[in-house]
Amino acid sequence: MNELDTEDKKAIAVASCFGIKIRQSIVEILSESKPFQHFSLERAIDFGLMNYDGTNYKFVHDRVREAAYCLIESTGVRHYDIGITLYSSLRDSNMGLGDLLPAILEQLNHGVPSLVKCPNDQASIAELNYQESIRASDCCDFRSALFFAEKSVSLLPKDKWTNSHNKYLYQLAAASLHNGHIHEAKTSLHTIIAQEKEIKDNIDAHILVAKIMFYACKDLPTSFGMFSNILAMLGEFIPSQGDALSRTSHQRSKTKLMIMNSEMSHYVKTEDWRKHAIMESYSHLSTVASLSYPKLHPYICSKWAEFAWCNRIACRFTSESIVTFGAVLLRNRKDDKLSWDGEDAREGYKLAKQGLQFLSESAPEDRPKTFWSYYGFVGLLFEPLQACKDMHIMAYRLTLQTGQRLPAAGHKSRIMILNLTVGHNLQDFIKEIDADLESSQDLPARMQFYRNTALKLIGEEPAGNALDHNKSDFVNDVTLVDIWCTVEMLVSVYLNNPERVFHLLSIYESKSDGEKLMPAIYIPFLSGIAAAAMYRKKANEQYYEQLIQSNKVFTELASFSEWNWKNKAALLEAEIASAVEDNCDKAERQYDVSIAAAQSSKFIQEEALACELAANHCKHNGKVYKALDLFHQAQKCYFKWGSTRKANHMTKEILSLKSVMRGLDDSGETLTLTEYVHGLNRPLCERK
C-alpha cells in the first residue's frame, strides 16, 4: 500500500469508507465529481489490494480495508464530504437517489448535525433521514428506524416550530416505542401536543400516548379513559359504564339491523383524517375494553361498527370493525348464559366472513387483531379448529415481524391451547415449547405451564413446585383463570379424576368473568364427562343436571360445525345413555358415532377418550371382546397422541381383561352377567 502514489492512496481510503466493498456506480459518480476528479481503483487492483467482480470493487481482506481507513486523518469530515458529493451529484442529475440513498446517508450522517451548517442542507438531509426511518419501520428494522429518526430530529431548527417538527418527532416517538424507550417516546409526543393547538395536528400524538399506556405500560384503566376522551374530542361520546351496559342490547340490535340489510360494496375509501382517527381509536378502545371491562366490549364494538356503516368507511380498520361486531353477535347468549342465540351466531359468522374482504385495506400490524376476533371467536364455532390454529400461527409470525409483543403473546397462548385441544402430538408440543423458551423471554411462566401440562399427560411429573407457582399466576388473574381451569380440567378428565374437575369448575364459576369463548367453550364438555363418571358412583341431581346441560350446549354447537363438535356431542349423548338411562344399545351407537367423528376430524385424543369410555361401557355390560378391541384402539390412539401414561393405563386394562377371560375359561362354568361383571371388578391377585 505504501508503494501507491498520493492519488491512489486517497482513492483506496475513500473506498474504505464504504466498508469491505464499494459499488461501481458510486465509483463512477465520484470520478466525475470535482472534489474526487480522476478517482480510480485500478491501481489498487494491480497491487492486489482489491478485486473487481463486475459490480463491486472489494478489498481482498478486512485487514487491508482497515489499513486503508487508517490513511484518513479526519474520518467524520471525509465521510461527510463523500456523502454531500454523492448527494449533490445525484440531486442535480436526472438519476435521482434511488437505491443509493442508504449508502449516501451512511456517509452524510457522520457529519450530522455538527458539520451541516447550511439551513437548506439541514432541511434536505433531515428529510432524507425521516424517509429512511419510515422505510426501515416498514421493513420492521426498528433499530435503524430509531437511528435515522434521531438524526432527522437533530437537524430541526431550535428557535422555531415548523411543520417538520410534528412528523419528525412523531416518527421518533414511534421508533423509540418499538425499541422499548418509553420515556423518550412520551417526551416527543407531549412536545407535539404542547406545541400543536389544532386537534387535526396533534390527534396522532394523543392516540400514540394512549397506545403506550396500554401496550407498553399495561395501564388499562388509564388507556381506556384516554381513548374515550380522544373519541369525545372527535365527536364520539362513550357513556359511563352503567349507561353503556344498559344500552348494550339496544345498540347491538340497532347496529345489526343496519349492517345486515346493507351491501359491503357501499363502503368506500376516504381521506378524512377525523374519520380515520375515530376508527383507529375505536379499534384500540375495543381491545382495551375486552381485557379491562369485558362487559362493555359488546357496546363499544357495536358503536364502532355503526360508525363505520353510517360513514361507509373503507380503511385499514374496517375489516376489524365488521369482524369484531360479528363476534359480538356470535357471543350473544340466551338467558341461561350457556346456549347461543342460533340466529345471531349464524348472522355473526356471515357478517364476519364478509368483513374479511376488507383485510387487504389493513396495514400488516392491524391484521393480527382481525385474525384474533375471527379465528378466536367466529371461526372457532364454524370452521375447523386446525385451520383456526394455522391462522393464529400466521398472525403470531406477523406480530413478531411487526414488533407487537402483546398481540404476539395472545396468539401464542391461543396456539398452545389449540395444540392441546386438536390432538397435537405431546412430545412435539414439548419440543416446540422448549424452542420458544430458548428464543424468547416473553411469557416464560405461561409457556412453562403448558409444558408441565404436556408432561403430566405424557406421564412425567414436573419438577419442584412449578404447578403451584403456575396456579397462583393464573387463578389470581381474571383474564387467565379460564385458561388455567380449562387446561387443568382437561388433564383431570384424561387422568380419571372427576372430583377435581368439579373443584376446578367451582373456581371457574367464582372467578371467571364468563366472557371468554376459548378455551372456556370446552368446560361444558369436560364437566359433562366428569359428571357422568360421578353419576355412576352416586346418582346425584347435580351431576345429572350438569350432564344434561353439557349435552344441550354441544348438541347446539354441533349444528354450527360437525367437524369441531359432533364427536363431543355424541360422546356426551353416549354417556347419558350409559350412565343415566342404562340404554346399552343407544350408548354403543353414540360411542361409535363419536369415535367415527373424532377420526374424521383428526382429534386423536378425543378418539382415544371415546374408545376408552366405550370400552368401559362394554366391559361393565359383559361385552368382553368388543371392550378388548376398544381398549386396543384407545391404546393406539394414546400412543399416537404421545401420552405414554394413558397408553400404559390401557395396557393394564387389556391385561386385566385378558386375565379375567382366562379365569372364566378355565373354570368351565357358565356364569351369569352379574357374576361376570363381578369378576371383571375383582383385583388381579384374586383372579385365577
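Is lysine 256 buried or exposed? In this predicted model, lysine 256 is buried, with a relative accessible area of 17%. The cut-off for a buried residue is under 20%. Lysine 256 sits in helix H13, which spans residues 241-260. Beyond its neighbours within four places in sequence, lysine 256 is in contact with Phe325, Leu329, Glu343, Asp344 and Glu347.

In soluble globular proteins, nonpolar side chains tend to be buried together. The largest nonpolar core of the model holds 110 residues. Within this core, Tyr450, Phe525, Leu557 and Tyr638 touch the most other members. Helix H24 (residues 481-494) supplies the largest share, ten residues. A second core is separate and has 64 residues, among them Ile125, Ala145, Leu155 and Ile192. Setting aside neighbours within four places in sequence, its partners are Ser413, Met416, Ile417, Leu420, Phe429, Ile433, Ile483 and Val487.

Helix H28 (residues 562-580) packs against helix H29 (residues 584-601) at an angle of about 160°. Their axes are 8 Å apart. Angles over 145 degrees count as roughly antiparallel, and H28 and H29 are therefore roughly antiparallel to each other. The crossing of H28 past H29 is left-handed. On the H28 side, the contact includes Glu562, Trp563, Lys566, Asn567 and Ala570.

Backbone geometry came next. Most residues other than glycine have a negative phi, and most peptide bonds are trans. The peptide bond from valine 112 to proline 113 is cis, with omega near 0°. Proline 113 lies in the loop between helix H6 (101-108) and helix H7 (119-138).

Asparagine 496 has a phi of about 60°. It lies in the loop between H24 and helix H25 (498-511). Asparagine 496 counts as partly exposed, at 44% relative accessibility. Lysine 602 has a phi of about 65°. This lysine 602 is placed in the loop between H29 and helix H30 (604-620). At 59% relative accessibility, lysine 602 counts as exposed.

Methods. Residues numbered from 1 in each chain as written. Predicted model: local features only at pLDDT ≥ 70, side-chain atom pairs only at ≥ 80, totals over all residues. Heavy atoms only, no water. Core = buried A, V, L, I, M, F, W, Y, C linked by side-chain atoms within 4.5 Å. Buried < 20%, exposed > 50% of the residue type's maximum accessible area, 1.4 Å probe, protein only. Helix = DSSP H or I, 4+ residues; strand = E, 2+ residues; numbered from the N terminus. Contact = heavy atoms within 4.5 Å. Axes fitted to C-alpha atoms, helices over the stretch in contact; angles between N-to-C directions. Parallel < 35°, antiparallel > 145°, perpendicular 65-115°, else oblique. Left-handed = near helix turned anticlockwise from the far one by under 90°.
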